[in-house]
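Hello,

Here is the structure I promised to pass on to you. Please have it open while you read my notes.

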Amino acid sequence: MSNDSSSKIVAGLRSWVAGAPPGAKLPSTRALVAQYGASPVTVQKALRTLTSQGVVESRPGVGTFVRAVRVARPNDYGWQTAALGSAKNRTPQLPTALRTAPNDVIALHSGYPDRELLPERLVRAAFTRAARSGAAASRPPAAGIPELQAWFATELGTAAPAGVTPPAPSDAIVLPGSQSGLSTAFRALVGAGRPLLVESPTYWGAILAATQAGVQVVPVPSGIRGPDPDELARAFERTGARALYAQPNFANPTGARWTPDLAEQVLENVRRHKAFLIEDDWAHDFGITADPAPLAARDDAGHVVYLRSLTKSVSPAVRIAGIIARGPARERILADAQSVSMYVSGMLQAVALDVVTQPAWHTHLRNLRQQLAARRDLLAEAIRDHLPTAHLEAVPQGGLNLWVRLPDTTDAAKLVQDCEADGVVIAPGDEWFPAEPTGHYLRLNYSGPNPGAFPDGARTIGRALARNNRS
């Protein structure tokens, strides 16, 4: 009966609307109840149907009105060309690692761990507790809530050797994610038009942040063992750079982990040139057969500015990172961070702190190490079996990626397109080079969904690669 009555009201109102001008107000709900002898619920259902069909529009507190017919016409934004002028720094296109892939493909491109690798239960409980706390309705300090500052400082301080003063909680600044931290560090410590040394290849997000900050990127050759210290010294001397950006532990994309000797040589270079090392410890929570050894733990003179993110290991919804700097550099970084975001959501800070201080957090990290090891080994074996002409230079001791060298005759762009057409999404290595690539590479992520499909994905890449190098 109710459905029939609702349909009758819809039909009646459609006839009324057909003869009414755009913007005309419909009779009130009370009047329609009386007119059709229906309940208010039935009338409201009819009005919702007409609204969903685009016939009428509701204005809360005012009434329901006949929707005006909008004639389709092209948008003209030509005036913005003159208003904006030439772009100072042309922003690169969206990297492959950030693409959202359909569920029916094999995704080996993503930069984020699959949901099943995250501490989802801890995160949900933390959000519930934070919503009931003062964090839901208060403004946190600009540098972050003190407890989270202390956690970041303590985490780094536990790795400090004897004789090195660990960082204080006041040295830490909480930021809305590591990308924000990179942009802030490059602006505050380098500055537009000035040189910044970076490993090549390096994290695409650092290249993007440097581009947006107007920083002059200077590539330093690097590989599975890290940068060449002699090349690094020459780059410092040639450019006069006062900062180096690097990922000493499980570098993205190569997976490189610096040896203690190399770490000491790099630190000596940085100290000798009175420069900063911006250390991105992005994979701190993703050690597999080795634990990260932050260079910042060895330095108490303020040369190393340390960045650590919790976004990938806690949840993509919890964009929280910490940056630790000492001396005037810390004040410049804080001033820049405040000018951009003023402060970081107290809710997100509370959630992050809650998760990483739970006893179950360490249990999660131990289980995560085992899961990443199994995924890494499965994908590495599949690459060896199905990509005989490709070269896996090393199996990383941590991180989320494998760095695969392709034959020099490969048309990498076509390979990526062919693989996607066959249901496998991969990331071309070109996106990780700050200058011209030194070869053709793929960065394959082993933390994505459906690891059981890794062999099928590798088989598809292998077939496409074989066709590619025959043509």
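Below is what I found, starting with the whole protein and moving on to single residues.

Please keep in mind that this is a predicted model, where local features need pLDDT of at least 70 and side-chain atom pairs count only at pLDDT 80 or more, while totals for chains, interfaces and linings use all residues. Residues are numbered from 1 along each chain as its sequence is written, and side-chain values use heavy atoms, with hydrogens and water left out.

**The whole protein**

The protein has 16 helices and 16 strands; these are DSSP runs numbered from the N terminus, with at least four residues (H or I) for a helix and at least two (E) for a strand. Its C-alpha atoms fill a box of roughly 85 × 60 × 55 Å along the principal axes. Of its 471 residues, 51% count as buried. Buried stands for under 20% relative accessible area, exposed for over 50%, and partly exposed for what lies in between (1.4 Å probe, protein chains only). If we take contacts (heavy atoms within 4.5 Å) between residues at least 6 apart in sequence, 75% join residues at least 24 apart.

**Charge**

There are 48 positive and 41 negative side chains, and the centres of the two sets lie 10 Å apart. Here Lys and Arg count as positive, Asp and Glu as negative, and His and the chain ends are not counted. Each charge is placed at NZ of Lys, CZ of Arg, CG of Asp or CD of Glu.

**Two cis peptide bonds**

Have a look at Ser200 and Pro201, which are joined by a cis peptide bond with omega of about 5 degrees. Pro201 sits in the loop between strand S5 (195–200) and helix H8 (204–213). Asn252 and Pro253 are also joined by a cis peptide bond, with omega of about 25 degrees. You will find Pro253 in the loop between S8 and helix H10 (260–272).

**Two residues with positive phi**

That loop between S8 and H10 also holds Phe250. Phi of Phe250 is near 55 degrees, a positive value in a residue other than glycine. Is Phe250 buried or exposed? Phe250 counts as buried because its relative accessible area is 0%.

Met342, another residue that is not glycine, has a positive phi near 65 degrees. Met342 belongs to the loop between helix H12 (328–341) and helix H13 (346–356). With 58% relative accessibility, Met342 is exposed.

Happy exploring!
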